[in-house]
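Open the structure in your viewer and keep the selection panel at hand. The tour below goes stop by stop, saying what to select and what is there.

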Amino acid sequence: MQDVAPRTLELLLADAADLRPTLAAGLPEIAAGNAPRPEKTPRGVDALSLEMPDANPNDLALQRWSVIAPEGAAGDRALEAIAPLLRLREGEQGAKVAPYRVKPGMGMAEAARWKNDVLHDERVPEAERPRYLLLLGDLDEVSIELQHVLANGSFVGRLHVAGADGKPDLDGYAAYADKVVRWAVEPTGHEQPDALFFVADDGTDATRLGHSLLIEPCLFMAQRPGRRRFPAANVVQIPGADTAADFLGGVSAARPSVLLSVSHGLGRPRGGWASPDHQRAFQGALVVGGPGGSDRLLTAEGVQSASFLPGGLWFCVACFGAGTPKESAFYPWLSLLAREGAFSGVKRVLESLPSSDERPFLAALPQAALRNPKGPLAVIAHLDLAWTYGFTDPSRMTQSRASRIFSSVQAAARGSRAGVALDALMRSYREVNDELLSGYHAEEDARVWNRPSPVEPIKRSSAFMLRNDLRGYVLLGDPAARLPLKASGAQAQLPSTVSGLEHTTAAPPEKATPTRGLVGERSSAHESMPTRTAGHDPARREEAVIAVLRGDEAPRAIAERYGVSRAELDRWVEVYREAGRSAVGKLP
């Protein structure tokens, strides 16, 4: 694939009829200068608010996990379907999961109030408020506005599986829960994952740009030597495919993998969709094959049973890859461009956006991948139009900013949970959002004091476009899911309370017994330590407590080395501190 020097804004959207780019010529950079000022969001919607900000983000015992389901019978059935997953997380965090229930159609203001009044209820101790939140249901059951609001301060994912009739597929919910539990209780023997990088070789400017400014820089960063080397056993660039089967052949390895893919996602065909069911089945499917190949389309049907990134994490860069919202964040800007009539192709893009009478929905492709027992544990994809803004510098479109997306890939490869991996990208969103708000405040001050605006309109508009592009990425699947790598100090093992879990839909692997306590595997830094526990040895209990108080080592690693749970180690430390406070109080 030959690189291009980008002079245009490219869109990763293809016509569902002919599979050609909907915006073939892209848009000139100057088009971003027409982006309108966004509506003011309710207070706190885009502000970062962390629960337990000083705690390890991957530690469920400290961060807690819960689920948010729709009100009514549909929510009851979904919760029942994923019951094994709830028991898994209860065992990991050492506390019962208390599900939340919400009504459909929450807007931004209502979602912000719910977050403040219910999730952050002051009557609940901060340590007991969950930061990991799994939303159950499609976008018309639990709104995307709620997901966006919660994403600032929480690790949020969503699970929904629909059947051919469009109704919730409870077997699909159960199959996903079973898959997560199965991988958790029986991780692979691999200490590091593979990192896979793919861009569709379809000859378009958008994918050429994706290759030169995203995939190539990511490959360079992944293969760069150094002390903080990228934690992958193999870094693989999957060659351009002629067919979807070729693509699937490159992502079926047994080793858990992180996949970053760039391709066009399907949008509305010129003649319109044949039916709403047809739209839900194919919108967001991916054009992964080359222009001369047959069967170029990766669809839900193609991944529902094939071996596709088993136990892995997929970062998909494509339009509507995660689903279709009720309203596109880019609609006001594109409408303005269409009225001005200055740029060709804009009306076709507008026609691809959801109309007011359409309900929002998750794409069928990631649903099928998550339902598949041989599929990934989590998918990060776009819930709107995916532009090239997400991996370029908005003020210099020839400058790569691949590190935004690479940070998510790297976090997943290091063993972090899927929610933490997405949050690595959302940090870039919060940075540009802060920049945008600061610019608006500066403009307001300039107007009050009758001074020239210090903000260049083109830079403000470009920042607005980048903000919307980054915000469109969402996590599908459990935010607490992680690659099933060999347990180490960086990835804690499961407590013995998980041993009673049963699988419901897929057959468990042979010898599927979970790790008992924290005695079995040990991090390489402590392989020489004895394996006996400190539970009945006062001297070793004191050693463990002193190691925590010194602060030179993570408490999780200390607990693992001394063969106890993190909760038990915390209890020892508190007893030790309380005894010290009591002794000091008795001093003359």
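A cavity here is a set of grid points where a 1.4 Å probe fits but cannot get out, and its volume is the space filled by probe spheres set on those points. The model you are viewing is predicted. It holds 6 cavities of 30 Å³ or more.

**Stop 1: the second largest cavity**

Select Gln147, Ala151, Leu422, Met426 and Tyr473, which among the 17 lining residues of the second largest cavity lie nearest its centre. The space inside is about 170 Å³. Next, colour α5 (144-150), β7 (155-159), α15 (418-448) and β20 (473-477), the elements that each give two or more residues to this lining. Which element gives the largest share of the lining? It is α15, with 5 residues. By residue type, the lining of the second largest cavity has 9 nonpolar, 5 polar and 3 charged members.

**Stop 2: α2 against α6**

The crossing of α2 past α6 is right-handed. To see the contact, show Arg77, Ala78 and Ala81 on α2, then Leu170, Tyr173, Ala174 and Ala177 on α6. Of these residues, 6 are nonpolar, none is polar and 1 is charged.

**Stop 3: α6 against α13**

On α6, the residues in contact are Asp171, Gly172, Ala175, Tyr176 and Lys179; on α13, they are Ala369, Leu370 and Arg371. How do the residues of the contact of α6 with α13 divide into nonpolar, polar and charged? There are 4 nonpolar, 1 polar and 3 charged.

**Stop 4: α7 against α14**

Finally, select helix α7 (residues 205-223) and helix α14 (residues 403-413), whose axes are 10 Å apart. The two helices pack at an angle of about 50 degrees, which makes α7 oblique to α14. α7 passes α14 in a right-handed crossing. Show Leu214, Cys218, Met221 and Ala222 from α7, with Ser403, Ile405 and Phe406 from α14, to see the contact. The residues in the contact of α7 with α14 comprise 6 nonpolar and 1 polar, with no charged residue.

Terms used
Residues are numbered from 1 along each chain as its sequence is written. This is a predicted model: local features need pLDDT of at least 70, side-chain atom pairs count only at pLDDT 80 or more; totals for chains, interfaces and linings use all residues. Side-chain values use heavy atoms; hydrogens and water are left out. On a 1 Å grid over the protein atoms alone, a cavity is a set of points where a 1.4 Å probe fits but cannot get out, and a pocket is an open set with protein on both sides within 12 Å along at least five of seven lines; lining residues have an atom within 4 Å of a point. Helices (H or I, at least four residues) and strands (E, at least two) are DSSP runs, numbered from the N terminus. Ala, Val, Leu, Ile, Met, Phe, Trp, Tyr, Cys and Pro count as nonpolar, Asp, Glu, Lys and Arg as charged, and the others, Gly among them, as polar. Axes are lines fitted to C-alpha atoms, for helices over the stretch in contact, and angles run from 0 to 180 degrees between N-to-C directions. Angles under 35 degrees count as roughly parallel, over 145 as roughly antiparallel, 65 to 115 as roughly perpendicular and the rest as oblique. A crossing is left-handed if the near helix is turned anticlockwise from the far one by less than a right angle, and right-handed if clockwise. Contact means heavy atoms within 4.5 Å.
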